[in-house]
Amino acid sequence: MRYAFLDENSKKEIRRAILKAIAIPGYQVPFASREMPIARGWGTGGLQITLSIINEGDCIKVIDQGCDGSLNAVNIRNFVVSVTGNKTTTDTKKATIIQSRHRIPEEQLEEGQCLVLQVPYPEVLVNVEADSYKQKLMHANKDYARLWVLLYEDTARFGDSRISNRYPVIVNNRYAMDPTPIPRYDIPKLNNNKALILFGAGREKKIYAIPPYTEVEPLKFEDKEFKIETFDDKKCARCGTKGVFMDEVYNDDGSVTYYCNDTSYCDKKLKGEL
Amino acid sequence: MILEVKNLTKVYGEFCDKCLESTGPEFESSVCPYCSSVVAVNNINIRVNKGEVVGIVGESGSGKSTLLQLIYQDQKADQGVVYIDGFKDDLGNYKNILEADPNELSYLRTKLMSMIYQNPRLGLNYQFSAGGNIAEKIIMSGIRNYAEIRKRVLYFLEKTEIPKERVDDYPDRFSGGQQQRIQISKALASNPKLLLLDEPTTGLDLSVQAKILDLIKKLQKEMGFAMIIVSHDLGVIKHLTNICIVMKNGQIVEKGLTDQILEDPQHPYTQLLVSSAL
Amino acid sequence: MVKIRIKNLSKEFTVYTRGGVKIQGYNNVDFEVKKGEFLSLYGHSGIGKSSLLKAIYRTYTTTSGDIIFTKEDGTTVNIAKCDEKDIIELRKTEIGYVSQFLKVLPRISALEIVAAPLIEKGESEKVAKIKAKELLDFFGIKEELFNVSPLTFSGGEQQRVNIAKELIAPKPFLLLDEPTASLDYANTMKVIKQLQKLKENNVTMIGIFHDQDDLKTISDKIYDFALKKYVEV
């Protein structure tokens, strides 16, 4: 069996796309997305990136909305192990490659680590311009006026942008980018991150990247604050932490319980390691 | 000098070497007899100076609207050079705006010139509110401060006498005359040096037409931009312009002060036009 | 100093809508006017006096000849041949024109019409309107008519508004085309008095009056169109 499922030529093409993406931070590089043993819409893009960059020494962590134990995360992790034999971990600090769906881990990432995000919709302009040719022209001309007008409209009507996840960011002061459906809470983590962050959209066939130490700013007016979700008054029922991104669970009797969304962070807190 | 147009030409079709010399008012035709191309704009030269308000009048097919579109670059010219005040290279020489790259074109269309179309659908984005449309122009001129943007949006709405309370309404909720006024606000929001108007009031009710023309006249006096207005209505030209250009079959047949064109037309075609006023 | 020199000026109208028929305007008109002088044009109706005034204002083109105009700063320009942009400049600050009839703009009030030239010069709207009111009052326009469009005024009232708008901020050179034709005696005298005041302020003028007495009162020179020369006042 081939190491990491993909043939070498496929890996070559995807790696080239990744290199180009790193060279142009935030720019969507098209790539020939292969047939994968999971369906489109379930993380094939992230998976193709992971399988193209993985080597024998890598240690893999896979999470789905913060949880190592969710069905999708388990399936993907099992698949990667079955085609590579690599070590796996739930410890954010010990992983060399972290594939994630819609969340960035709570613990700070370090140099040498790589975060691979699964992308449902790579095109940040899709809600303001439907025509793909015009979208390309806008990106080429750094013409993001429509995104700004959308922000203006929401601010005029509601006081702030209505966008909660997939909040548009400007990468390296050049390209507007869709950061995937991560919450606003995670947006500040993108800025000047020590790790390499890669984005793979398998269905839409695009790869983009944020190299380490890149400037990433959310789209906002000079005189307005970028508001993020706060949990200062919410306590995790499992480990007792306050203020990290929480899952809100409704119990059968109608009461609400909060749990840390990042399960490995919660584990460490419980063990007293953090 | 605000705008200088040299040898501007637009031909639909093959464009053979006989096209330009075989069409025009003396032939009473814009169609080349050799290759059947349509010579819409035939080697036009125009100069607009500061403070001038130029009217271009002519009948359908004269090329007047196409001329404006070539300057604003909604259509690509086949030949010619256009210079505009404020668009120079590093050495201080004027650059041909027809060769501007998309970034430069964006700058040209925001800071230097704006266009107002006969149909507001061409000038407005109906997915944004009235305020949003005006904000777009302001944002494109570089402002990223919300309070400042909002203030200017309301200022320009007020200038065109649209009620401030309607700033967040969508354009399709306004009357035709109001939509036209929103278009005017939008065009002026980035303080352009040159305003191009393509039949801005054709099709509107007479009372609305009068109000809008008065408004344009007032704004031009206040803000001091140069204007080129295309119209087939001599009344509009008379009301607003001080210089008048008459076009026929893609060429200029006469150019002069507006009152001179109307009272002492020299060219046979101009005389025909003037005598056709009701 | 010679303010304006008309050299061999001729005008011929070609009417293409009537098959290209040629109509004579005037032929070989030649005269000059010095600064501060009032020259009257004399001749029967249709001889071309009005057309000449319009040619100086460039509302009419010129078939042949020159119109050498000396601006206040001493430089000259040939009105018959110069570019439109020069004429626009001249009309702004150098040359004024009082027509025989007011061109009525239906939506503008009498007060606004008369105040406009002052506002254009940079005067505040408040002060301009005060001065305009004074002038309209001087010419006998009733106060209740100030804020109404001259659409419903009598011919004489309209003409008084017309004259007021030119006299409120007079240019150094004025063309007057039968300004008093529709005025009664009292108002004509008022106008003549104003013109005399302008003369005292060294304003140069060329005028057409059909009334002989008006002519004689105000003119320094008279140019006879038929005889093609100056005649005694």
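In this predicted model, the centres of domain 1 of chain B and domain 2 of chain B, taken over C-alpha atoms, are separated by 26 Å. According to the domain assignment, domain 1 of chain B comprises 3–116 + 193–275, and domain 2 covers 120–192. Contact between them involves 20 residues of domain 1 of chain B and 17 residues of domain 2 of chain B. On the side of domain 1 of chain B that touches domain 2 of chain B, at least two residues each are supplied by helix 2 (102–112), strand 5 (113–116), strand 6 (194–198) and helix 7 (206–223) of chain B. Helix 7 of chain B provides the largest share of that side, six residues. By residue class, this side of domain 1 of chain B divides into 15 nonpolar, three polar and two charged residues.

Two pairs of chains are in contact, and chains A and B share the most contacts. Here 16 residues of chain A meet 18 residues of chain B. Helix 4 (132–140) and helix 5 (145–158) of chain A each contribute at least two residues to the side of chain A that touches chain B. Of these elements, helix 5 of chain A gives the most to that side, with eight residues. The residues on the side of chain A that touches chain B are eight nonpolar, two polar and six charged. Chain A and chain C, by contrast, do not touch, and their nearest C-alpha atoms lie 36 Å apart.

Two individual residues are described below, one in chain A and one in chain C. N72(A) belongs to helix 3 (residues 71–84) of chain A. This residue is classed as partly exposed because 17 other C-beta atoms lie within 10 Å, a count between the limits of 12 for exposed and 20 for buried. Not counting residues up to four places away in sequence, N72(A) touches W42(A), G43(A), D64(A) and R101(A).

Y42(C) is located in strand 3 (residues 38–42) of chain C. Y42(C) is buried because 21 other C-beta atoms lie within 10 Å, and the class requires 20 or more. Leaving aside neighbours within four places in sequence, Y42(C) is in contact with L215(C), I222(C), Y223(C), D224(C) and F225(C).

The table gives C-alpha separations for a pair involving each residue.

| Residue pair | Separation along the chain | C-alpha separation |
|---|---|---|
| N72(A) and V62(A) | ten residues | 9.0 Å |
| Y42(C) and D177(C) | 135 residues | 12 Å |

Definitions and conventions:
Residues are numbered from 1 along each chain as its sequence is written. Chains are lettered from A and ligands numbered from 1 in the order in which they are written. This is a predicted model: local features need pLDDT of at least 70, side-chain atom pairs count only at pLDDT 80 or more; totals for chains, interfaces and linings use all residues. Helices (H or I, at least four residues) and strands (E, at least two) are DSSP runs, numbered from the N terminus. Two residues are in contact if their C-beta atoms, placed from the backbone, lie within 7 Å. Ala, Val, Leu, Ile, Met, Phe, Trp, Tyr, Cys and Pro count as nonpolar, Asp, Glu, Lys and Arg as charged, and the others, Gly among them, as polar. Domain bounds come from an automatic or database domain assignment.
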